[in-house]
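Welcome! Please take a moment with the sequence and the picture below, and then we will read them together.

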Amino acid sequence: MKHSSLYVVSLSTLLASLVMSACTPTVKIEPPDKPIVINLNVKIEHEIKIKVDKELDTLIENDELF
């Protein structure tokens, strides 16, 4: 009787190990076939405000300075 229970235990252990080995996850890393395209629709607006005194304005208009 001991031999038959040992046979059943070993057979169930073998089957369990086969089932567990069939469920091992695999991870594959592959580069894409097509190149990666990133579309960026960006609109950049800027506004520069310059405030000048009237005296400085007349100096800037003078051609000798520049």
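## Starting with exposure

A residue is called exposed when its relative accessible area is over 50%, and buried when that area is under 20%. With a relative accessible area of 53%, Val8 is therefore exposed. You can find Val8 in helix H1, which covers residues 2-22.

## The overall picture

Keep in mind that this is a predicted model. The protein contains two helices and zero strands. How many of its 66 residues count as buried? The share is 0%.

The accessible surface of the protein is about 7,800 Å². Carbon and sulfur atoms account for 62% of that surface.

## A pair of opposite charges

Side chains of opposite charge can pair when their charged atoms come close. Searching the whole structure turns up one salt bridge. Which residues form a salt bridge here? The side chains of Lys43 and Glu45 do, with 3.3 Å from N to O.

Definitions and conventions. Residues numbered from 1 in each chain as written. Predicted model: local features only at pLDDT ≥ 70, side-chain atom pairs only at ≥ 80, totals over all residues. Heavy atoms only, no water. Helix = DSSP H or I, 4+ residues; strand = E, 2+ residues; numbered from the N terminus. Buried < 20%, exposed > 50% of the residue type's maximum accessible area, 1.4 Å probe, protein only. Areas by Shrake-Rupley, 256 points an atom, 1.4 Å probe, with all protein chains shown as cover. Salt bridge = Lys/Arg side-chain N within 4 Å of Asp/Glu carboxyl O.
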